[in-house]
Amino acid sequence: MTSLVWLTILFPLLGAVINGAIAIRRPEAKGLVSLVGVGALLGSFAVAIGIFLEVLAGDGTATRVLLWQWMPVTERLSIDLTLQVDRLSTVMLLVITGVGSLIHLFSVGYMKSDPGYARYFAYLNLFVAFMLVLVLGASLPVSFIGWEGVGLCSYLLIGFWYEVDANSDAGKKAFLANRIGDFGVLMAMFLLWWHVGTLDYDGLARQAPEVLAYAGAPVTLIALLLFLGCTGKSAQIPLFTWLPDAMAGPTPVSALIHAATMVTAGVFLVVRTGVIFSLAPVAMEVVAITGALTAFFAATIALRQNDIKKVLAYSTVSQLGYMFLAVGTGAWAAGIFHLVTHAFFKALLFLGSGSVIHAMHHAQHAAHAHGDAQDMRLMGGLRRAMPWTFVLMGIATLAIAGVPPLAGFWSKDEILAAAFVRGGGNTIYLVAWGLGLLAALMTAFYMARLMAMTFFGRFRGGDTLEPHLHEAPAVMTGPLVVLGLLSIVGGVLNLPGFAGGSHYLAHWLEPVTDATLPYLDRLEMPHGMTELLLVGGAITIALVGLALGMWTTLRRPVLTPAATPAATGLARVLEGKYFIDELYQKVFVGPTVWFSRRVLWQGIDQFLVDRMGVGGTARVAKGLGWLGSRLQNGHVALYLTLFVAGVVLLMRAVIGGAP
Amino acid sequence: MTAFLAAIGYEQWILHVLLGLPLLAIPMILIMPVHRARWIALTVALIELVLGLGLWWAFDPANPAMQFVTDVPWIGAFGVGYRLGIDGLSVMMVLLSVITMPLVVWSSWRSVDTKQRGFYALLLALKTGMLGVFVAMDLFLFYVFWELLLIPMYFLIGSWGSSNRLYAATKFVIYTFVGSLLMLVAIVWMVMEVGRATGTYSFAYEHLLAHAYLLESSGPWLFVAFALAFAVKVPIFPFHTWLPDAHTEAPTAGSVDLAVILLKMGTYGFLRFAVPFFPGFALSESVGLVMAGLAVIGIVYAALVAMVQPDLKRLVAYSSVSHLGFVILGIWGSTVESVQGAIMVMISHGLSTGALFFIIGMLYERRHTRKISDFGGLARVAPLMATAFVITAFSSIGLPGLNGFVGEFLVLIGAFGRYPWLVAGATTVVVFSAAYLLWATQRVFFNRFTNPLNEGIGDLNMREIAVLAPLLLGMVWIGLYPGPILRRTEGAARMYIEMVEPYLSETPTVGGTMFRGGR
Amino acid sequence: MLLGPSLALSAVLFTLGVLGVLVRRNAIVVFMCVELMLNAVNLSFVALAQVHGLGGQVMVIFVMTVAAAEAAVGLAIILAIFRHAQSVDLRQLTLLKG
Amino acid sequence: MDLVTPVFWVFAGWSVVSAVLCITRRNPISSALWLVSTMFALAGIYVLLDAQFIAAVQVIVYAGAIMVLFLFVIMLLNVGDAPREWRRWPVGLLGVGLAAVLGAQLMMLGGYGRQRLADEFSTQPAPVNPALVFPEGMASAAAVAERGVVGAVAEPLFTAYLIPFEITSVLLLTAVIGAVVLAKKKL
């Protein structure tokens with residue numbers, strides 16, 4: 001079955017091509033489109049399960065499937081399009097196809113009334129195909145195809161409703177941020193090829209340690225470059241500004257791309273090239289501290305956001321920070337574990353907010369009212385109108401806040417524990433652990449605030465809308481329920497010792513992660529007293545955060561946007577997202593555009609080369625011509641003088657020197 | 001297939017037919033009634049295509065030496081011979097021009113309505129020149145074809161262009177002509193010098209190549225002369241200002257031919273003549289740094305300038321300057337991978353920029369404007385055109401899986417060993433090229449539909465789809481399965497490297513071991 | 001033997017003629033200076049003819065016929081110009097310019 | 001006693017003085033008359049150089065016909081003498097300078113030895129005896145003695161230089177027609 005792994009890519013690819021053709025020829029055939037779209041994903045999911053069973057029975061060695069020779073240039077550089085199925089890529093395969101199918105199902109309901117329905121499904125299928133190429137790629141270049149492919153699809157999907165300038169701007173911004181990251185990956189590939197000579201993952205795992213000196217400059221540079229790529233793709237500190245804007249795309253897109261799959265590509269890449277990172281401890285510290293900082297900052301911003309999707313977006317950035325913190329400390333399994341659980345509850349949260357927004361849209365249409373369907377200040381008291389969505393989002397909120405026994409608690413606790421252990425030897429990790437704790441508190445706070453503002457209190461969206469609010473159709477709530485179950489059960493994947501588990505996922509991933517062992521001592525999880533303290537602390541933080549969040553929002557009635565006074569001081573800074581966007585615009589984008597217009601184009605190109613160079617030679621020629629014409633001024637005397645001068649010169653030549 | 005071709009003695013007559021057919025067709029076009037002109041041109045182009053495709057199988061990738069060689073004395077007294085021959089590099093260029101020719105004729109089916117006879121006759125003359133340059137194995141013949149291209153191009157831009165076409169056409173001719181005159185002097189000087197040293201005066205490429213080492217003293221000057229002529233054509237940074245004007249003012253057929261083939265003559269010239277003749281000087285540390293430096297400046301500079309262009313065609317013209325900078329970087333990267341990459345960029349740039357120009361031509365045909373600000377939200381009115389433009393834009397940006405990436409990746413990874421810092425500079429273009437192309441795509445196709453004039457433009461009709469389809473398929477094919485092409489050009493690349501390898505000066509790059517590692 | 005001195009005299013007269021041509025502004029006077037130059041040449045012809053054979057004197061005859069023709073046509077031109085421009089001052093007659 | 005040289009110098013001085021006055025007079029008529037006097041001086045010198053016929057022709061044709069023509073034209077145009085006849089800066093100075101240089105060069109020609117002249121004229125590479133190239137002696141005096149003043153000139157004129165002689169007749173014809181066409185207001 002594993003040799004048929006390329007089917008998982010082929011189905012969505014075919015789906016994309018068919019839906020694309022339908023979109024251009026007969027966009028109204030919605031039934032066929034949803035059939036092809038969801039069918040492709042389900043087919044791919046079925047094959048994925050088949051592969052999972054086979055790998056489950058296997059001993060963890062990777063099987064490589066060669067499709068064809070991609071770039072056979074010379075003996076030393078011959079890149080083949082091979083897919084690699086090992087335990088890590090199977091996990092990712094299941095998450096992508098599983099959550100992907102659920103989201104496709106949800107989109108059937110959510111996008112039903114949208115004219116671009118076929119085009120939407122074409123892009124979504126294409127996205128899943130590229131994501132699978134990224135995950136299943138056996139070498140960096142092959143993953144790079146998927147890496148850029150998902151960037152392309154996120155560009156297309158974010159800018160899906162291109163009629164609105166803001167959406168297409170957001171799409172462009174996302175792609176450019178990814179491209180900056182891709183610069184890093186490309187440079188890392190060049191360095192790797194010139195140093196190690198191969199770009200295959202297992203080739204790297206074997207040969208990299210011999211060639212690249214431990215903690216040497218080359219390997220650190222490579223690792224940092226790779227991490228630059230990950231920050232671009234997974235929206236970490238320097239390049240995270242595109243993710244909140246990416247909410248301009250349809251909500252299922254946000255769920256699939258900007259919560260479950262694409263943004264986790266960065267984490268996956270770090271785990272996949274773990275050997276290189278383990279060889280460069282400095283790079284590991286950078287990854288950990290960046291992750292922690294991102295988690296902290298994103299959480300602070302989320303506290304003051306009023307758009308439901310913006311809150312979730314910053315929450316995603318923050319949770320990704322956690323994953324990088326985990327990977328930075330060397331707890332690869334914990335990173336992947338949190339990735340999986342996060343995929344479940346964050347997808348659930350997004351889809352939930354999707355059905356809320358969907359309901360608000362319907363109400364506004366029915367009441368012919370206008371207003372921002374995503375502004376939480378216009379919502380409130382929806383628990384009565386949308387019980388299913390309320391319960392399921394509640395579960396997800398508890399999960400993300402880290403309340404046991406839900407999935408979020410186990411994965412986040414694992415990360416914090418790993419950071420704490422690593423913190424023993426290296427204060428940077430201790431700082432990271434501290435930041436992680438604070439972020440956990442804030443996560444609980446803003447999630448509670450979100451739930452309170454949307455579902456509790458009185459409906460603030462105007463009484464004409466209230467009667468039209470009702471629960472989302474079954475096709476949308478169905479996937480929510482599945483995701484809800486997964487959020488509850490998810491924790492079982494990697495239960496730690498004290499809870500009767502055996503770190504199942506960690507052992508499952510060992511064949512992949514052991515390559516890093518010789519350079520990174522294995523993390524001994526704390527036992528006995530410290531473990532209990534850590535777990536207790538995490539639980540109290542979660543509960544305190546939730547309580548605080550609920551209390552502060554519900555004690556005073558939430559003000560509608562019109563009524564809220566302009567925020568001042570810290571609140572204004574948070575609401576304005578630390579003005580990082582404006583900073584980037586002022587420092588990078590603005591000057592580059594000005595520089596290239598004024599200095600490069602008008603300055604060098606038109607003035608220097610064109611007017612001076614080309615024009616210059618033309619003017620010199622004209623000048624010489626003018627000089628010549630001055631001699632022809634009609635004065636006979638002048639002509640005669642020149643004549644005699646000529647004779648004199650001639651005579652001089654004839655006579656020459658003395659006889 | 002190869003057996004069949006060998007049976008009909010394909011090798012002997014193919015090159016002559018490819019060159020001769022268009023010339024024979026020109027008088028026919030001039031005689032026949034006007035409305036038949038374009039049909040003749042199309043049939044000739046299609047015949048050439050069918051015959052030309054045979055090259056793909058008849059060319060034997062294994063043997064790196066020149067194939068299909070013919071050597072007939074032409075002006076015996078001066079050693080000028082009608083010498084033809086192709087190797088890996090030129091077979092690809094011939095195929096590219098043979099494939100794009102029918103598309104070019106077909107794309108100007110509607111747009112050219114004045115003086116059709118002249119237009120198609122010039123187009124066929126251009127075709128002969130194009131093919132001739134890549135197959136000529138005699139420097140005199142090469143120069144004849146090189147010049148043969150100038151005149152038709154001048155008239156194509158001059159009389160069928162748009163607003164200030166005369167300025168653009170004259171600038172184009174003067175720029176190229178000055179360069180090529182220098183080259184003529186260099187060629188004659190070389191032949192004389194070598195003739196004096198070896199006794200036989202001949203323009204044959206092999207003869208000159210074998211004895212180029214004799215020109216120790218005048219070598220540098222001759223290289224500069226050759227380099228200037230080709231630099232103008234490539235165009236390399238300071239000599240590029242003719243390209244945006246020529247492209248903006250040329251009719252679609254003209255600018256496509258210009259982009260797809262004429263620009264490659266410069267890089268072909270470097271690969272075939274300039275560097276192999278004087279490797280010692282060309283690949284010395286200082287000259288290498290200058291050329292590679294100019295290439296990278298060209299790449300980044302052109303991309304930045306493209307970002308702020310108000311005119312769509314001028315934007316694509318600057319993107320061509322940026323892409324061809326990669327080819328020069330690849331040539332001076334002096335590894336088999338970087339030279340293969342350079343050839344790949346030459347081919348894939350032809351496809352993606354050719355398609356971009358076709359689409360812009362179709363837009364111009366509908367709205368008679370190229371200003372980006374005049375368009376907006378066309379995706380709603382012309383979805384197929386929007387899809388084609390997006391695919392071509394992403395292939396031009398270098399999205400892996402499409403043709404742009406293969407060439408650029410190979411150039412960068414190949415040249416990294418020798419110029420790590422320059423390659424780092426060049427790789428930043430990955431961001432800028434995405435910026436300018438996506439910004440343009442967005443302002444033309446994906447924003448508010450404001451301009452009512454755009455309402456009327458219909459989507460691509462069958463003819464236009466037929467023009468774009470082969471290019472789009474080519475992009476995806478080369479992107480995912482470049483194997484066959486790489487195999488065919490490998491012979492030429494390896495030959496080139498063997499020729500220049502001994503002269504390669506070991507450049508101590510900054511942090512040598514940091515970047516070059518074990519290699 | 002008068003060869004040396006007459007050649008010297010011829011040179012002096014010729015130089016005076018050139019001087020006159022270059023310096024004077026009146027077209028007719030310039031014309032006369034040209035005649036003077038021709039006379040100087042005639043002188044050198046005759047001087048040499050005395051020593052080396054009568055070819056020189058034949059040349060003088062030819063020079064004279066040419067001088068006559070030239071004077072006739074030149075003066076006709078000056079007349080025509082005068083009728084048109086009412087002046088023979090060379091500095092005003094500058095119509096013929098580039 | 002050799003009388004010829006002093007007479008020659010008298011004539012020479014007379015011709016130079018009148019030439020100078022010819023080019024310096026402001027009034028064109030006086031400068032024309034001074035030119036006539038130069039011509040008479042030259043006629044005298046021609047006689048001394050055994051070119052009696054030429055002297056006669058000089059007086060009759062040159063002084064008589066051409067200068068009279070000049071006088072006619074000057075009178076016809078009634079050109080007053082221009083106030084500042086001489087040209088000052090810059091063409092004037094340049095003219096004087098150039099004339100002086102030319103004069104100096106002509107003088108330098110005097111330095112040409114017969115040997116050098118012969119070498120330059122002969123085609124053989126080795127030096128040539130000048131006498132062979134330039135026959136010495138009083139050729140014109142002998143010819144005059146043999147065939148008389150007019151005959152001496154007529155003999156080469158109508159034998160060796162016959163064709164040029166005929167051409168000059170055509171030249172004169174065209175000159176006449178030209179003069180008529182140019183000078184008449186309308187035909």
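## Exercises on a predicted four-chain model

In α1(C), 15 of the 21 residues are buried, so this helix is largely enclosed by the rest of the structure. Buried means that 20 or more other C-beta atoms, placed from the backbone, lie within 10 Å of the residue's own (12 or fewer: exposed; in between: partly exposed). Helices are DSSP runs of H or I with at least four residues, strands runs of E with at least two, and both are numbered from the N terminus.

The model is predicted: local features need pLDDT of at least 70, side-chain atom pairs count only at pLDDT 80 or more, and totals for chains, interfaces and linings use all residues. Residues are numbered from 1 along each chain as its sequence is written, and chains are lettered from A and ligands numbered from 1 in the order in which they are written.

**Exercise 1.** Find what span helix α1 of chain C should have.

*Solution.* Step 1: α1(C) covers residues 3-23, which is 21 residues. Step 2: the expected span is 1.5 Å times one less than the number of residues. Step 3: this gives 30 Å, and the end C-alpha atoms are 30 Å apart, so the two agree.

**Exercise 2.** State which pair of chains shares the most contacts, and describe the side of chain D in that pair.

*Solution.* Step 1: two residues are in contact if their C-beta atoms, placed from the backbone, lie within 7 Å. Step 2: four pairs of chains are in contact, and chains C and D share the most contacts. Step 3: chain D brings 69 residues and chain C brings 59. Step 4: α3(D) makes the largest contribution to the side of chain D that touches chain C, with 11 residues. Step 5: that side has 56 nonpolar, 10 polar and three charged residues. Here Ala, Val, Leu, Ile, Met, Phe, Trp, Tyr, Cys and Pro count as nonpolar, Asp, Glu, Lys and Arg as charged, and the others, Gly among them, as polar.

**Exercise 3.** Describe how chain A meets chain C.

*Solution.* Step 1: 10 residues of chain A contact 10 residues of chain C. Step 2: helix α25 of chain A (residues 636-655) gives the most to the side of chain A that touches chain C, five residues. Step 3: this side has four nonpolar, six polar and no charged residues.

**Exercise 4.** How far apart are the closest C-alpha atoms of chain B and chain C?

*Solution.* They lie 27 Å apart, and no contact joins the two chains. Chain B and chain D do not touch either, with nearest C-alpha atoms 32 Å apart.
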